[in-house]
Amino acid sequence: MNDVVHLFMRKITKIPTLPVVAQEIVNLTSDDLISIEKLESIIENDPAISAKILSVSNSVYFGTEIPNTSINNAIVRIGFNNIKNIAIGIALFTLLIKRNNSGPLSNSRLFKHSVAVGIVSKMIAELLDFDSGNEIFLCGMLHDIGLLLLNSYMADTYYPVIKEFKDGIFLCDAEKKVLGYTHSDIGFWLAKQWRLPDNVKNSVYFHHSPDLTEDKSVSIVHIADYLSSINSYGAFERAVKHKLDDNALGLLKLSNNDIREIEKKIEKDMFSSRVFLYD
């Protein structure tokens, strides 16, 4: 599989490297005044990323009745670590999106799906009192980075995959049939290149197969992906049949009734339209 993935990466003329803005944010390890000021200055130097961060920070989830209008205000209201992880996720996501949107999937829909899975992952973790080291939002938001990469950098090759998928084949099976690898394989390769945290790498690699790992972050992302997709926040325009992996439920000690109760807490209006600012 590594040989096949490497052949794929050779087809990309310029492999995306960790952007400077993301690296600078990663290097901020404390929440003292200096780091807060530094984080604000880093984010504000990139207006596009700054706008998206504000849109996410203004979601109903973060409980801000009065919209945040500045990065400093957002940091104060929802916390240094929340803004830090939102910023990293959006910086990496933005890097993987080509503005001409020539791929078979909608950039806007992919953005909405990624943010939704990030927010729902964080909600589930909090409901379960699960300590993910403040990275669960990243785990959720970046779980489909391989899909983003394929859509942006291998659009011509990926169209046949989507055709197979539309004919009723499970996405990963369609990818293996056409390409010989999956978006999870490609995403994991990229996550390793970027030296992302282990739970983020695991979520990228195992989110369709949580039975293959004991990492609870993966199970949470798997469930968040399911709940987001069945509530109209999937990566695809048409409804996709999703099935919860029993192993994910077992690892988190959840029943199907628990999932229904969690879903009730995640109302559609939970996702303010402001979260989905894209262009």
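## Overview

Of the 279 residues in the protein chain, 54% are buried. The model described here is a predicted one. The protein chain contains 16 helices and zero strands. When contacts between residues at least 6 apart in sequence are considered, 70% of them join residues at least 24 apart.

## The nonpolar core

The largest nonpolar core comprises 81 residues. Within this core, the residues with the most contacts are Ile53, Ile145, Tyr158, Ile223, Leu227 and Ile259. Helix 6 supplies the largest share of the core, namely 10 residues.

Isoleucine 53 may be examined individually. Apart from neighbours within four places in sequence, isoleucine 53 is in contact with Ile43, Ile71, Ile83, Ile86, Ala87 and Ile90.

## Packing of helix 6 and helix 7

Two packed helices are described by the angle between their axes and the distance between the axes. Helix 6 spans residues 80-96 and helix 7 spans residues 107-127. These helices pack at an angle of about 155°, and their axes are 12 Å apart. Because angles over 145 degrees count as roughly antiparallel, helix 6 is described as roughly antiparallel to helix 7. The crossing of the two helices is right-handed.

On the side of helix 6, the contact is made by Asn82, Ile90 and Phe93. Helix 7 contributes Asn107, Leu110, Phe111, Ser114 and Lys122.

## Loop residues with positive phi

Most residues other than glycine have a negative phi. Aspartate 129 has a phi near 55°, a positive value in a residue other than glycine. This residue, aspartate 129, is located in the loop between helix 7 and helix 8, the latter covering residues 136-141. The relative accessibility of aspartate 129 is 73%, so aspartate 129 counts as exposed, the cut-off for exposed being over 50%.

Lysine 253 likewise has a positive phi, near 60°, in a residue other than glycine. The loop that holds lysine 253 lies between helix 15 (246-251) and helix 16 (256-265). With a relative accessibility of 71%, lysine 253 therefore counts as exposed.

Terms used:
Residues numbered from 1 in each chain as written. Predicted model: local features only at pLDDT ≥ 70, side-chain atom pairs only at ≥ 80, totals over all residues. Heavy atoms only, no water. Axes fitted to C-alpha atoms, helices over the stretch in contact; angles between N-to-C directions. Helix = DSSP H or I, 4+ residues; strand = E, 2+ residues; numbered from the N terminus. Parallel < 35°, antiparallel > 145°, perpendicular 65-115°, else oblique. Left-handed = near helix turned anticlockwise from the far one by under 90°. Contact = heavy atoms within 4.5 Å. Core = buried A, V, L, I, M, F, W, Y, C linked by side-chain atoms within 4.5 Å. Buried < 20%, exposed > 50% of the residue type's maximum accessible area, 1.4 Å probe, protein only.
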